[in-house]
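Please keep the model open while reading.

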Amino acid sequence: MKPTRRHFLRNSALAVTGAGLISLPSLEAIASQRQRISPNDKLQVGLIGCNGMGWSDLRSHLLQSDVQCVALADVDQSVLDKRATDVEAMQHTRPLLFKDYRKLLENKDIDAVIIGTPDHWHCMAMIDSLSAGKHVYCEKPLANSIEECNLMLAAAQKYKKIVQIGQWQRSGSHYEKAIEYVRSGKLGNIRLVKVWAYQGWMNPVPVRPDSAPPAGVDYAMWLGPAPKRPFNPNRFHFNFRWFWDYAGGLMTDWGVHEIDIALYAMNAKAPKSVMASGGKLAYPDDASETPDTLQAVYEYDGFNMLWEHATGIDGGNYGKTEGIAFIGNNATLVLNRDGWSLLPETETKNGIKVYKVEDIPDQVRNGEYLNEHTKNFVKAIKANDVSMLKCGIETGSIAAINAHMGNIAYKTGRKVYWDNAAKGFKNDTQANTLMAAHYNNGWKLPVV
């Protein structure tokens, strides 16, 4: 075997923390890059949910000098105040501020909305935005239930606006080249695709008592359609991901990124069956609800897909903390956010061991793909061409629905069978019930 292959395997084991991080320039750098363009020529955007990825998404949009932020909405006044100051530093004008996003949507000057709320708000915020005539950039996963995914897809088709989902790996040039190689047939028959997210940085979520909401937080609005519960700091801001009321854990948080690329490369959309096993095996006594360890096996026509996630561990498959491996008869292609590499199978010809396919140099990431993703959204709006989108609503729904299927299989504790024509599980009342969204506190599921 070539020394470079051993070199790859050794170095890939060191590629741990940092692979999934998004790097954006400072506020000062963004301000200096913005050219003076007439406000009439700028795309006017509003942000709903101003922490975490919502803020990263807005910063990325504002790297484009023809984008202007005119309004922010968030239930946390401290977040609103901080982000308003940050936006003003970038574009030299201060945005309007709202605690209730519906007031933001009344602004006729807003062309597009970025949704960076917790998952349980995505459906209502998106459909309200579309019905108000706004284009939408929505963070992933698309929704917190399969029923909501289907409603959001129907709404996008009804209102005919541009909708981009934040699965930004779709805008990555090295992903595009890897997918092209997978589809070339050079790997041979692909019988298994592995997708995984091992997150060593994730420590236990310590159990904390309920408390009063922080000053300036509209907690009732934060809960929205989720079940009414006392405020607990573990459920607020970033850690909402690990509670079923608001999200689906690592299965939907990381899963939609990797599952999306895997299924797109394999020209697959819906599985025939799914089974899953796992639980709170790393931190059984911490405050989170979603499994910290999970394996899910998806059966598609001609291949299986294996999802794995684990917290507190960095040593994932092929030494990668996250990634996708297309395992073929001739070679395996290992792809993640750092780049991709080929691991050829060998055969013996005339007494000499040779590769079944020609080896190629390791391919590396080229650029910041979130920025390419937001540029793609703006270009599609200006061209009024939904076909230009790298990750439109249908793409987002496929990834989210498949991820939710993994969680449903986990919750039922058995193999579940999907009827793609009926868009439901075969002869499985429990699994079909778990597809539904349940709205509370007087909030109603949107009607499309």
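Helices in this report are DSSP runs of at least four residues, numbered from the N terminus. With that in mind, H13 gives four residues to the lining of the second largest pocket, the most of any contributor. The model is predicted.

**The second largest pocket**

The second largest pocket has a volume of about 450 Å³. Its lining consists of 22 residues, and Asn144, Ser145, Trp244, Ala436 and His438 are the ones nearest its centre. Two helices, H7 (146-159) and H13, each supply at least two residues of this lining. Sorted by class, the lining of the second largest pocket holds 11 nonpolar, eight polar and three charged residues.

**The cavity**

One cavity of 30 Å³ or more is found in the whole structure. The largest cavity contains about 110 Å³ of space. Its lining includes Met202, Asn203, Val205, Trp242 and Leu250. Also in the lining of the largest cavity are Tyr283, Asp286, Ser288, Thr290, Pro291, Asp292 and Thr311. By class, six residues of this lining are nonpolar, four are polar and two are charged.

**Annotated domains**

UniProt, in an unreviewed entry, lists "domain: Gfo/Idh/MocA-like oxidoreductase N-terminal" at residues 44-166. That span is 45% helix and 21% strand, and its end C-alpha atoms lie 19 Å apart. The unreviewed entry also places "domain: Gfo/Idh/MocA-like oxidoreductase bacterial type C-terminal" at residues 201-444. Over residues 201-444 the chain is 25% helix and 24% strand, with the end C-alpha atoms 37 Å apart.

**Salt bridges**

Side chains of opposite charge can pair when their charged atoms come close. A search of the whole structure finds 19 salt bridges. The table gives three of them.

| Salt bridge | N to O distance | Source |
|---|---|---|
| Asp245 and Arg229 | 2.4 Å | computed from the model |
| Glu299 and Lys272 | 3.7 Å | computed from the model |
| Asp428 and Arg414 | 2.7 Å | computed from the model |

What does the salt bridge between Asp245 and Arg229 tie together? Asp245 and Arg229 both lie in the loop between helix H9 (219-223) and helix H10 (250-253), so the pair ties together parts that are 16 residues apart in sequence. Asp245 has a relative accessible area of 15% and is buried, while Arg229 is partly exposed at 35%.

The salt bridge between Glu299 and Lys272 links distant parts of the chain, 27 residues apart. Glu299 sits in strand E9 (residues 293-300), and Lys272 is in the loop between helix H11 (255-265) and strand E8 (273-279). Glu299 is partly exposed, with a relative accessible area of 27%. Lys272 is also partly exposed, with a value of 36%.

In the salt bridge of Asp428 with Arg414, Asp428 lies in the loop between strand E18 (424-425) and helix H14 (429-433). Arg414 is in the loop between helix H13 (393-412) and strand E17 (416-419), so the pair ties together parts 14 residues apart in sequence. Asp428 is buried, because its relative accessibility of 8% is under the 20% cut-off. Arg414, at 34% relative accessibility, counts as partly exposed.

Salt bridges that share partners also join Arg229, Arg235, Asp245 and Glu289 into one network.

**Helix H8**

Which residues of helix H8 (residues 173-183) are buried? They are His174, Tyr175, Ala178, Ile179, Tyr181 and Val182. These residues cover an arc of only 160 degrees around the axis, so they are on the same side of H8. An α-helix has 3.6 residues a turn, so residues three or four places apart point the same way. Glu176, Lys177 and Glu180 are exposed on the other side of H8. Gly185 follows H8 and has a positive phi, near 90 degrees.

**Arg241**

Arg241 is located in the loop between H9 and H10. Is Arg241 buried or exposed? Arg241 is buried, with a relative accessible area of 14%. Between Arg241 and Tyr175 there are 26 Å in space, C-alpha to C-alpha, and the two are 66 residues apart in sequence.

Methods. Residues are numbered from 1 along each chain as its sequence is written. This is a predicted model: local features need pLDDT of at least 70, side-chain atom pairs count only at pLDDT 80 or more; totals for chains, interfaces and linings use all residues. Side-chain values use heavy atoms; hydrogens and water are left out. UniProt positions are given in the numbering used here, feature names are shortened, and annotations may be inferred rather than shown by experiment. A salt bridge is a side-chain nitrogen of Lys or Arg within 4 Å of a carboxyl oxygen of Asp or Glu. Buried means under 20% relative accessible area, exposed over 50%, partly exposed in between (1.4 Å probe, protein chains only). On a 1 Å grid over the protein atoms alone, a cavity is a set of points where a 1.4 Å probe fits but cannot get out, and a pocket is an open set with protein on both sides within 12 Å along at least five of seven lines; lining residues have an atom within 4 Å of a point. Grid points are joined across faces, edges and corners, and a volume is the space filled by probe spheres set on the points. Ala, Val, Leu, Ile, Met, Phe, Trp, Tyr, Cys and Pro count as nonpolar, Asp, Glu, Lys and Arg as charged, and the others, Gly among them, as polar. The arc is that of the directions from the helix axis to the C-beta atoms.
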